[in-house]
Amino acid sequence: MQQPPVDPEVSLVAAASRGDTEALRRLWEANRRWVAAVILAHKPRWADADDLLQDVAATLVRKIGQVREEAAFRPWLRTVAINAARAAARGQHHEPIAFSSAAGRAGAGVEIDAPVGAGRGPDSAAPGSESDRRDEGRRLLDLAAMLPEGYREPLLLRCLHDMSYRQIGLLVGLPETTIETRIARGRRMLRELAQGTTSGNDQAGTVPRQARQTLGC
Amino acid sequence: MTTADYNSDPGLERDLLISRVVDCRASAEDWSALDRLARGDDSVWRELARAQREHALLSGAVLDEVASADSVGLPEHHAASFRLTSRIRAAGAWGGWAAAAAVALAWMGGLPAGGPGQPGAAGNQASVLPFSNASDALNAYLDLGKKDGRVIQQLPGKVLLDDPQPAADGQGYEVIFIRQIVERERVPDLYRFSRDETGGLTAVPVQVRRAVRGSPGPM
C-alpha cells in the first residue's frame, strides 16, 4: 500500500479539525476544484454541480472533526463528493426553485437559492470558432459520461492539469501505473466514441463496435 | 474484451505512448518506440494528433465546468455554527463551562440593543410609527403576520454569525445573529434553474400539481 507523502495540507487539516475557521477556509479553497471534477465524473446529467458542491462544503464544515487521519483527508473528501453525487442520482437532491415577484408588486419578489452566475447565458451563445470549440468540448464531456466510472474519474481529474498521476492515484486509492493505464485507455475509448458519433458509420448515440468491445458491452 | 483484462490488450502500448505524449511525459525511449510503431502504421500520427486535440477540448470543457467552483464558499450559517461549536468545545476543554453558560444566558435574556430603557429605544420615528422600539415592531409584525397567514412560525433557534463580543460599555455582550421566520407568500409563477444548450443558466417555468389528500404519491 502506498503511503501518502508528507503534505503541508496535513497541518491545515489538523488546525481545521480543532476549529480554526481560517484553516478550514483555506483547505476548502485549495481543494474545491478537484472536488468539482469528482462530482462531474459521478453526478447524473441533470444534477447541478454547484448545488452538489455546496452540499460537500456543508458536510466538510459539519464533519471535519471526524477525520481521524489528516493524511486521509483528500480520499475522505472525495467520498463525501461521490456520496453527494450518488444521493442526487437517487433523487434525494432537489433542484432549487425560485419564484417571481408577487402579483402587482413588481420587484418585491424573493429568490431562493439562485445559483451564482444566473442569467449569464446569452453571451455564451455567440457564434464563432471559440463557440465551436466549446460545443465540441462539451460533446466530448457528454461522451466521457459513457465511460466506465473507474476510467472516467481519472480522465477528468487529469484535465485539471495540476493533478499528477501520483496525486490522482493517492486520491482514488490506486497505484500510479494503474492510473496511467486507465487514462490512456480512457482516452482511446473516448476517441472511439467520438469517431463513432462523427463518422456516421453507426447510428447517432450508439457506441461504436470497437468501443463496445473495450467497454465490455 | 472487458475493461478488466487490459493487460492482454495489444493496443495498450500504443495507447500508453500516445497518452504520455499528450501529457508531456514521454521520454526519449517513448518517442523512439512511437516512431517504430508509426513506421509500420502511419495512422499512429493521426491518432496522436486527434488525441492531443481531444485532450485540449475536453480539458477546456472540464475547466469551464469546474470554474464556478471558485464561487462556492463554505456556507456561512454552517461556518457560524462550526465556530460556535468549536468555541464551546474549547471552553469545555479548559473547564470553562461557565463561559458557555454565560453565552447561553445572554442568549435567552436577549439583551436587545436599543431595548426599553436603553439609548436609541425611542427615535424620531416614534412620532410616525405606533411602536417605541424595534422589538415591539417585530412582535406586531409576527402577530399580524400570523393573523393574515403570512407568518407561519418563528423558529426558536437563532444562528450566531460571529463570536460574541463584550459590549463597548462593558455591560453584557453583543451578538450578531440571524432570526429565522418561516413565512408563506402567494406567487404567480415558479421557476427552476437549468442549463441551456450553451451551458448558460436559464430560468424555466415549472408547474406544481396540488397534492390531493388520500391519493397515492407519484409512482
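This is a predicted model: local features need pLDDT of at least 70, side-chain atom pairs count only at pLDDT 80 or more; totals for chains, interfaces and linings use all residues.
**Chain A as a whole**

Begin by selecting chain A and colouring it by secondary structure. Nine helices and one strand make up its secondary structure. Traced along the sequence, these elements follow the order α-α-α-α-β-α-α-α-α-α. Chain A has 217 residues, of which 36% count as buried. Among its contacts with a separation of 6 or more, 57% are between residues 24 or more positions apart.

Next, colour chain A by confidence. The average pLDDT is 76, and 70% of the residues score at least 70. Select residues 100-127 of chain A: here the pLDDT is below 50, although the stretch has 51 contacts in the model beyond near neighbours in sequence. Then select residues 200-217 of chain A, where the pLDDT is again below 50 and the contacts beyond near neighbours in sequence number 31.

**Helices H3 and H4 of chain A**

Select residues 49-63 of chain A, which form helix H3, together with residues 73-89, which form helix H4. The two helices pack at an angle of about 135°, and their axes lie 9 Å apart. Because of that angle, H3(A) is oblique to H4(A). The crossing of H3(A) past H4(A) is right-handed.

Now display the side chains where these helices meet. H3(A) contributes A:Leu52, A:Asp55, A:Val56, A:Thr59 and A:Leu60 to the contact. From H4(A) come A:Leu77, A:Val80, A:Ala81, A:Ala84, A:Ala85 and A:Ala88. By class, the contact of H3(A) with H4(A) comprises nine nonpolar residues, one polar and one charged.

**The loop between H3 and H4**

Move to A:Gln66, which is located in the loop between H3 and H4 of chain A. Is A:Gln66 buried or exposed? A:Gln66 counts as exposed, because it has 8 C-beta neighbours inside 10 Å.

**Chain B as a whole**

Hide chain A and select chain B. Its secondary structure consists of six helices and six strands. Read along the sequence, the pattern is α-α-α-α-α-α-β-β-β-β-β-β. Of the 219 residues of chain B, 11% count as buried. Contacts between residues at least 6 apart in sequence include 33% that join residues at least 24 apart in chain B.

**A residue with positive phi**

Zoom in on B:Cys24, in the loop that joins helix H1 (12-22) to helix H2 (28-40) of chain B. Most residues other than glycine have a negative phi. The phi of B:Cys24, however, is positive, near 60°. B:Cys24 counts as exposed because 6 C-beta neighbours lie inside 10 Å.

**Where the chains meet**

Finally, show both chains and select helix H2 of chain A (residues 21-42) with helix H3 of chain B (residues 43-67). These helices pack at about 110°, with axes 9 Å apart. The angle therefore makes H2(A) roughly perpendicular to H3(B). H2(A) passes H3(B) in a right-handed crossing.

Which residues of H2(A) and H3(B) make the contact? On H2(A) they are A:Arg33, A:Ala36, A:Ala37 and A:Leu40, and on H3(B) they are B:Val62, B:Glu65 and B:Val66. The contact of H2(A) with H3(B) has five nonpolar residues, two charged and no polar ones.

Technical notes: Residues are numbered from 1 along each chain as its sequence is written. Chains are lettered from A and ligands numbered from 1 in the order in which they are written. Axes are lines fitted to C-alpha atoms, for helices over the stretch in contact, and angles run from 0 to 180 degrees between N-to-C directions. Helices (H or I, at least four residues) and strands (E, at least two) are DSSP runs, numbered from the N terminus. Angles under 35 degrees count as roughly parallel, over 145 as roughly antiparallel, 65 to 115 as roughly perpendicular and the rest as oblique. A crossing is left-handed if the near helix is turned anticlockwise from the far one by less than a right angle, and right-handed if clockwise. Two residues are in contact if their C-beta atoms, placed from the backbone, lie within 7 Å. Ala, Val, Leu, Ile, Met, Phe, Trp, Tyr, Cys and Pro count as nonpolar, Asp, Glu, Lys and Arg as charged, and the others, Gly among them, as polar. A residue is buried if 20 or more other C-beta atoms lie within 10 Å of its own, exposed if 12 or fewer, and partly exposed in between; C-beta atoms are placed from the backbone. pLDDT is the predictor's confidence in each residue, from 0 to 100.
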